[in-house]
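Morning, everyone. I'll walk through one model today and keep it brisk. Please have a look at it first.

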Amino acid sequence: MNRTGIIYGINGPVIYLKGNTGFKMSEMVYVGKEKLVGEVINLTKDTTTIQVFEETTGLKPGEEVVATGDAISVTLAPGILSNIFDGIERPLSEIAKKSGAYISRGVSVDSLDTEKLWKTHMTIEKGQAVFGGTIIAEVPETHAIVHKVMVPPNMEGIILDVCEDGEYTINDPLCTLQLNDGTEVKLTMSQKWPIRVPRPTSKRYPAAKPLVTGQRILDTLFPIAKGGTAAIPGGFGTGKTMTQHQIAKWSDADIIVYIGCGERGNEMTQVLEDFSKLVDPKSGNPLMDRTTLIANTSNMPVAAREASIYTGITLAEYYRDMGYDVAIMADSTSRWAEALRELSGRLEEMPAEEGFPAYLASRLSAFYERAGMMQNLNGTEGSVSIIGAVSPQGGDFSEPVTQNTKRFVRCFWGLDKSLAYARHFPAIHWLTSYSEYLSDLAPWYADNIDPNFVHYRNQLVAILNQESSLIEIVKLIGSDVLPDDQKLVLEIARVIRLGFLQQNAFHPEDTCVPLEKQLKMMETILYLNKKCKALVTMGMPMSVLKSENIFERIIAIKYDVANKDLYKFDEYKKEIDDFYDRVLEKNA
Ligand SMILES: Nc1ncnc2c1ncn2[C@@H]1O[C@H](COP(=O)(O)OP(=O)(O)OP(=O)(O)O)[C@@H](O)[C@H]1O
Ligand SMILES: [Mg+2]
């Protein structure tokens, strides 16, 4: 029998039912004549509270609410990649086709195309024992990605029959599974999973491999691990979106889940357009081949925005279960936190800091905890890395979303207004940012790139720190009175900032730089530093050193040495040696 209730009160996206409805917590419900999608968020003996993921305008008390028996779930099957969804996995293009406009209400559409035929190769045999996670079929989902169809996590048994390789829809039965209790189920390509529940894994690995991004300040100074978490906080226009796009394009993740929570409706449209045009530099195929987008605009209902990050992470976990490295970009988690705040306000809950609910911290931690490098149920290894942008009002990092996020992420890439204003991009400030993965990743850098990689990195950071303390003095008394060895620190720090940290996302060579070149650049800068130090120790004045253009030459390496021409670094070493000899001669 259908469990139903009658609407008693409506407050924006929140509706109340009186009496004992028999609904369950977190259950999905259909609300009113239009069958709007909702979720039970609070239950007492005589009131049921529901949040509705669609506009409630026009809904009236007295209309009926029907329980579905399921939690809010996503459909997991081929067709997720290259697609664009709203916060509860409804495809935007399909909704547009049905309702003629942007999302309208109560249009019930399938999350994924149920008619499309997918080329399917079965990977199991009759009589085989299978369990949650066993890969039963492979389906080329896009040019870039082979989709692995898996036994749902909670099932185990013997395969009774298997279909031939061929073309099937996501709802066609592919095999019959006899569960351990004797019941028979037909498995298809498609499974459902509740968005608020992490998908199970066998075990979590400690961080050990970097997510290589090709962005020098990230890879070298503040690296994130595969399966790691990072926050990009920054005020208006400081480069949050740009940084996330760069990572989406260039990082060595197999799959990108991009969750956009835009401030303005047209901003999200822009992101969608940009993304559809992006080309995957590694394959030449559209980047969308390995990307799924979840789009929320401010004119979409807040409850859908709240759900979107869970939908996104569930999709990511599903691809991780296949053995892929997945990276999630959430832009921006502040808009998501604002959705929480609005819902909490409607529920008349006791507000905490700046009106955010007291559970803001626990929700943020539950989100970031779903990141990790895992051993999956089927024995494969996969990871979910989470990179969340935070947009604090006025760039003030002391506000609750930034502060709470900081507690749960291990990389902090703090964008700085004055750097962005001075057009130093990426405007990630080297003094406020940090990565707690550095020591976890040091062995990887030593084994795969160079034993000295992290040592060089630490030397760069030390010079930048020295610069920052010297600048305090320079501000007071000017740089002229500094001794030459300190003037040298300032000069080398300038080379590091302009030549290494600054990276132009629009320059074809500089936009993505392999770790080998990052290493060579560090080596060259530190070699220059060593030679200059020797000269200064011998009493050569900095003014003479600066009259040579060697510093500018080293700064320009990022443009002058193509990523494939690393042999040229030998010429630069020679140039530094020549410079050294020249200065010595001049002052002999
Ligand atoms: N790595 C970079 N290289 C070159 N330019 C950059 C880089 N990062 C940011 N910019 C410049 O800064 C501008 C603003 O960046 P972006 O849109 O990413 O900021 P945002 O923090 O997302 O802003 P908003 O607060 O509006 O969301 C870009 O249009 C670009 O011109
Ligand atoms: Mg942005």
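Helices here are DSSP runs of H or I, at least four residues long, and they are numbered from the N terminus. With that numbering, Glu348 sits in the loop between helix 6 and helix 7 (360–368). Keep in mind that this is a predicted model.

Let's stay with Glu348. Its phi is positive, about 55°, and it is not a glycine. Is Glu348 buried or exposed? Exposed, because its relative accessible area is 69% and the cut-off for exposed is over 50%.

Now Arg423. Here too phi is positive, about 55°, in a residue that is not a glycine. Arg423 is in the loop between helix 9 and strand 26. Its relative accessibility is 59%, so it counts as exposed. Why point these out? Most residues other than glycine have a negative phi, and most peptide bonds are trans.

One joins Asp331 and Ser332, with omega about 0°. Ser332 lies in the loop that runs between strand 22 (325–331) and helix 6 (333–346). Another cis peptide bond goes from Phe425 to Pro426, and omega there is near -10°. Pro426 belongs to the loop between helix 9 (417–421) and strand 26 (434–435).

Next, Gln244. This residue is in helix 3. What does Gln244 touch, beyond its neighbours within four places in sequence? The list is Ile232, Tyr258, Met329, Ala330, Asp331, Ile387, Gly388 and Ala389. Note Asp331 in that list; Asp331 is one partner in the cis bond to Ser332.

On to Ser251. It lies in the loop between helix 3 (240–250) and strand 20 (255–261). Ser251 is buried too, with a relative accessible area of 0%. A polar atom of its side chain is 2.9 Å from the backbone oxygen of Ile247. Leaving out residues up to four places away in sequence, Ser251 touches Leu211, Val212, Thr213, Gln246, Ile256, Lys282 and Arg290.

Now the cores. How many residues does the largest nonpolar core have? It has 88, and Trp413 and Leu545 have the most contacts inside it. Helix 13 (residues 515–537) gives the largest share of this core, 11 residues. A separate core has 74 residues, including Ile72, Met150, Leu174 and Val302.

Look at Trp413 up close. Setting aside residues up to four places away in sequence, Trp413 touches Leu218, Phe222, Ile224, Ala230, Ala231, Ile232, Pro233, Ile247, Ile387, Ile428 and Ser433. Ile247 is in that set, and the backbone oxygen of Ile247 is the one facing the Ser251 side chain at 2.9 Å. Ile232 and Ile387 are contacts of Trp413, and Gln244 touches Ile232 and Ile387 as well.

Last stop, a helix pair. The axes of helix 11 (residues 453–477) and helix 12 (residues 484–501) come within 9 Å and cross at roughly 120°. That angle makes helix 11 oblique to helix 12. The crossing is left-handed. Which residues meet there? From helix 11 come Leu460, Ile463, Leu464, Gln466, Glu467, Leu470 and Val474. Helix 12 brings Gln486, Val489, Leu490, Ile492, Ala493, Arg494, Ile496, Arg497, Phe500 and Leu501.

That's my tour. Over to you.

Technical notes: Residues are numbered from 1 along each chain as its sequence is written. Chains are lettered from A and ligands numbered from 1 in the order in which they are written. This is a predicted model: local features need pLDDT of at least 70, side-chain atom pairs count only at pLDDT 80 or more; totals for chains, interfaces and linings use all residues. Side-chain values use heavy atoms; hydrogens and water are left out. Helices (H or I, at least four residues) and strands (E, at least two) are DSSP runs, numbered from the N terminus. Buried means under 20% relative accessible area, exposed over 50%, partly exposed in between (1.4 Å probe, protein chains only). A polar contact is a pair of N or O atoms within 3.5 Å; within protein, one must be able to donate a hydrogen and the other to accept it, and residues adjacent in sequence count only if both atoms are side-chain atoms. Contact means heavy atoms within 4.5 Å. A nonpolar core is a set of buried Ala, Val, Leu, Ile, Met, Phe, Trp, Tyr and Cys residues joined through side-chain atoms within 4.5 Å. Axes are lines fitted to C-alpha atoms, for helices over the stretch in contact, and angles run from 0 to 180 degrees between N-to-C directions. Angles under 35 degrees count as roughly parallel, over 145 as roughly antiparallel, 65 to 115 as roughly perpendicular and the rest as oblique. A crossing is left-handed if the near helix is turned anticlockwise from the far one by less than a right angle, and right-handed if clockwise.
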